[in-house]
Amino acid sequence: MPHAVEVIRYAQTMPFSVTKQRGCRMKNDLARFMSYLSDEKGLSPNTLESYERDIAQYIRFLEDQGIRSLKDTGRVQLLGYLSRLRSLGRAAATVSRNLVSIRAFYQYLVRERAVDADPSLHIEAPKQEKRVPRIMTVAEVETLLNAPAAETPGGMRDKAMLELLYATGMRVSELISLNVGSVNLELGYIRCYGKGAKERIIPLGGVASSFLKAYLTSARPRLLKSAEPEEALFVSHLGSRMTRQGFWKIMKRYAAESGIRQEIAPHTLRHSFAAHLLENGADLRSVQEMLGHADISTTQIYMSATRTKLKDVYDQAHPRARLEPT
């Protein structure tokens, strides 16, 4: 194993410019890997984009060192690359994500016998500080959900989207990927596909169901611009599927109109959904299932947020919470 100082010195001598080399075998390896992730793993477009971006940057780094085959790479090159990312000020989460992408790439190449060994073995990801996510109060959520003017088709759609996001805790990518057939208003559930194309069934509350029904019967037909069938549940003013960027702008506008000072994003409603369920007695496993978390430790971070809020409530409400001892 190379000494850590040697790795850092090696990394600091490497240029980080993008070269234009044609016929690079490593890029062909990446193309095959991306086809594998898309066709066999069924990963979402956003996840595929993340993998491709991380690995392509690593390949450019190797190309700058005159390396043209991944067979010529090893632990030194990979550690040097991770060291360079840190020297450029990349966050621990970014470095960790890059390592995960590159490790998956090497594991694929080992299975395909394109490389002899996986140099990422026994390289630990940098430790990341687990931050308590931004949680909206119930009052803030109510204000936000009441912001859309439900008298217009666009307002009815926005109201239904916000209500559904808070009622189910779905990711925004899952919300905009819903089709009309994903919803069963009669039985009160919604079917969505999360990371890794994993299906999950989420209960649908009465309030969200009523606004969703109103949107489907009244607003959506008026938003559709073509007689051609459209399977997307939520459509834009152009009559096509709503985009992530489009919904982000909608939510940002309503947050500003509601007077919510702290910056919020669509994911904030997902965080708030989980925290509010736990505050009201939901068990951790059920929340994990509804959120689609593979690891329960990811869900446990909302317990920290709940405990923090309980402490604040205690400090404000208990008559002897702030008394100094005599």
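This is a predicted model: local features need pLDDT of at least 70, side-chain atom pairs count only at pLDDT 80 or more; totals for chains, interfaces and linings use all residues.
Trainee: Which residues make the contact of α6 and α11?

Mentor: Helix α6 contributes Val138, Val141 and Leu144, while α11 contributes Leu269, Ser272 and His276. By class, four of these residues are nonpolar, two are polar and none is charged.

Trainee: Why does Arg285 count as exposed?

Mentor: Exposed means over 50% relative accessible area. Arg285 has 54% relative accessibility, and therefore counts as exposed. This residue lies in helix α12 (residues 284-291). Arg285 and Gln300 are 9.7 Å apart in space, C-alpha to C-alpha, and 15 residues apart in sequence.

Trainee: Which residues have the most contacts inside the largest nonpolar core?

Mentor: They are Leu144, Leu175, Tyr215, Phe234, Phe247 and Leu269, in a core of 49 residues. Helix α7 (residues 153-168) supplies the largest share of this core, seven residues. A second, separate core has 33 residues, including Leu79, Leu82, Tyr106 and Ile123.

Trainee: What is Tyr215 in contact with, leaving aside its neighbours within four places in sequence?

Mentor: Contact means heavy atoms within 4.5 Å. The residues in contact with Tyr215 include Met156, Arg157, Ala160, Leu233 and Phe234.

Conventions:
Residues are numbered from 1 along each chain as its sequence is written. Side-chain values use heavy atoms; hydrogens and water are left out. Helices (H or I, at least four residues) and strands (E, at least two) are DSSP runs, numbered from the N terminus. Ala, Val, Leu, Ile, Met, Phe, Trp, Tyr, Cys and Pro count as nonpolar, Asp, Glu, Lys and Arg as charged, and the others, Gly among them, as polar. Buried means under 20% relative accessible area, exposed over 50%, partly exposed in between (1.4 Å probe, protein chains only). A nonpolar core is a set of buried Ala, Val, Leu, Ile, Met, Phe, Trp, Tyr and Cys residues joined through side-chain atoms within 4.5 Å.
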